[in-house]
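User: I have a two-chain model open here. Can you walk me through what it shows?
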Amino acid sequence: MDNIDISPTARTPSLKLNLDTYEFVLEGESYPEDTTKFYTQPIGQVIAFLGTKQDKPITCKFKLKYFNSSSAKVIMDLFTAMEESAASGNSVKIEWHYVADDDNMQELGEEFSEELSLANFELIPV
Amino acid sequence: MSDSILTKEEILLDHFQNIATDLSADQLLVELSTLTNHYSKLLKNSSKLIRISDKNERRLQSISAELEFEKAKVEKIAGQLSKYLPKQIYESLFNGDQVDEIKTKRKLLTVFFSDIQGFTNTSSLLQPEVLTKYINLYFTELSNIAAKHGATIDKFIGDCMMAFFGDPDTRGDKEDALACVRMSLEIQSRLSALNTEWQNQGLQHPFITRIGIHTGWCNVGNFGSSDRMSYTIIGGEVNLAARIESASEPGGILISSDTYALIKDHVKVISKDVLTLKGINRPIQTYSVINILDDDHVDMSTLNIRVSKDDTFNIPTPDLTLQERLSLLEDLKRAVHKLEAISSS
C-alpha cells in the first residue's frame, strides 16, 4: 500500500493518507463532476487501510468547507469504516475541523458522529 | 454490479434478491436479522442525506440571496462610477473589453475643447451656490449633447470641457470629425437658447462659449501609475486643439486645416487667421464654422424677411458669425411669439 497525496481543485478536496504517521486528511470543498470517479480508488484504499490491524493510533482529519450529497455518502461510508476499524481493535480518532462561525458544518459533524461509539470523535473549531 | 458510491448497497440487494429459497427457518431468521440491520442503517443514512441535502439547499439559497444583495450593491456603485468615467470607457470596462493596465496607442482623433469666455471674472461675481447651479446645468447640457453625438468626454477642467472622437469607437476619420462639428453646432445653438432663458432667470453673465477643434495623431489610453490611472489623450496635437480653442471667437467654433481637410465638402466655413501658436512649429490655418451642409442642402446664403409688398429685409447669412446667427435666431423666435400674441388679441 502506498501513501495517497491528491492535490485540491476548485471542486475537489485534497486527500492524503500518510502511512508513516497513520494520518488521513480530507480538506477543502467537495462537489466533484463525477463523485465515483474521484473517490472510488483512494477511498477504497483508505477503507482497506482501516480494515487492517494497525500497531499505532489512526487519526482521521476532516477539514471541509462544503460538500454535496454524494460526497456526504462517501463520508458516511468512511465513518462506518472508521467505527468498524475501532470495533476490530484499532485506536481511531476522528477530528472534525470547522470554521468557528460555520454552524452548518458543525451540525454536519455532529450528525456524522451520531453512529459512533468506539471511534473517538472530536469537534475542532478553528 | 455497478461501480458507484452505492456499490455496497447494491451488493447487499443482489445478495437478498438471490437468496436461496430452500433455506431453513433458522437460516431465514439470520438473513432477516441481517437485512433488518442493513435496512435500519440505510434508513438512517437516507434520513441523514435528506437533512444534509436540505441544509445545503438552505445554504445555497442564503448565498444566492447574499449574491443578489451584492449584485444590487455593485450595480448601484457602477451607476455612480459611470458618472465619473467616459460612457464608452465605462461600457468597455463592464463588458470586459478594457484591460486595466497602462497601455497606450496612437490614433487619429478629432479633439474638442470648449471654455466659457471670461469665466474667471464671472465666477468672482456670482454667489458660489448660483455659480454651482448654473455650471452644473451647463455641463449637464454639454454632456448630454456629447453623449448624443458619441463623443468621449475626457475631462472637465474648471469651465473647460475636453472631449474627443475616434476612440474607443470610431466611425472613420471623416465621420468622427463631422460628428464633432455637428456636436459643437448643437452645443452653441443650445447654449444660445439657454443663455436667454438664464438671463430671464436673472443670470447677468451669460456663458458665452468658445470651441476649438483639431484632428491629429494622439496617444490615447491609460496613463498614470499602476494604482491610479486615467484614460486620456496626450500629445502635441492635443495642445494644438487647446490653443485653437483659445483663439476662437466667443460663441464660435474654430477648426484647424487638418479637420477642415476631412470635412470641407460638408461644412460652410469662413477662412480665419493663420495662427502661429507658441510651442507649435508650423503655422496653422484656421476656419470658423458657419454650418453643416446637409444632404438635402438648400441655398441658405441669404435670409429674406418680407414685411410687406415693398419692404423686404435681405440678410446675407454667410457674413454673420455663428454667435450673430444664434442671436438672430433668438430674436426671431421672440418676434414670432409677439406676432402670435398680436394675432390672437
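Analyst: A term to begin with: two strands pair if DSSP finds at least two bridges between them. This is a predicted model. By that rule, chain A has an open sheet of six strands in the order β1-β2-β3-β4-β5-β6, with mixed pairing.

User: Which strands of chain A are at the edges?
Analyst: β1 (4–6) and β6 of chain A, each of which pairs on one side only. Between neighbouring strands of the sheet the average turn is 15°, direction ignored.

User: How many bridges join β3 and β4 of chain A, and in which sense do they pair?
Analyst: Strand β3 (residues 23–30) and β4 of chain A pair in the parallel sense, over eight bridges. One residue to look at is A:V25, whose bridge partner in β4(A) is A:K61.

User: What about the helices, which strands does α2(A) lie across?
Analyst: β3, β4 and β5 of chain A, and α2(A) runs at about 165° to β4(A). α3(A) also packs on the sheet, where it touches β4, β5 and β6 of chain A. The direction of α3(A) makes about 160° with that of β5(A).

User: Which residues of α3 in chain A are buried?
Analyst: In helix α3 (residues 103–113) of chain A they are A:M105, A:L108, A:G109 and A:F112. Seen down the axis of α3(A), the buried residues fall within an arc of 100°, so they line one face of the helix.

User: And what is exposed on the face turned away?
Analyst: A:D103 and A:E110.

User: What do the buried residues of α3(A) pack against?
Analyst: Within chain A, against β4 (58–67), α2 (69–87), β5 (92–98) and β6 (120–125). α2 (25–82) of chain B is packed against as well.

User: Changing topic to the interface: how many residues are in contact?
Analyst: 13 residues of chain B are in contact with 15 residues of chain A. On the chain B side, the largest share, nine residues, comes from α2(B). That side has three nonpolar, four polar and six charged residues.

User: Last one, the cores. Which residues touch the most other members of the largest nonpolar core?
Analyst: B:V111, B:F112, B:V181, B:I213, B:I253 and B:V289, out of 45 residues. Helix α6 (residues 173–200) of chain B gives the largest share of this core, nine residues. A second, separate core has 34 residues, including A:V25 and A:L108.

How values were computed:
Residues numbered from 1 in each chain as written. Chains lettered and ligands numbered in written order. Predicted model: local features only at pLDDT ≥ 70, side-chain atom pairs only at ≥ 80, totals over all residues. Core = buried A, V, L, I, M, F, W, Y, C linked by C-beta atoms within 7 Å. Buried ≥ 20, exposed ≤ 12 C-beta atoms within 10 Å, placed from the backbone. Helix = DSSP H or I, 4+ residues; strand = E, 2+ residues; numbered from the N terminus. Arc of directions from axis to C-beta. Contact = placed C-beta atoms within 7 Å. Nonpolar A, V, L, I, M, F, W, Y, C, P; charged D, E, K, R; others polar. Axes fitted to C-alpha atoms, helices over the stretch in contact; angles between N-to-C directions.
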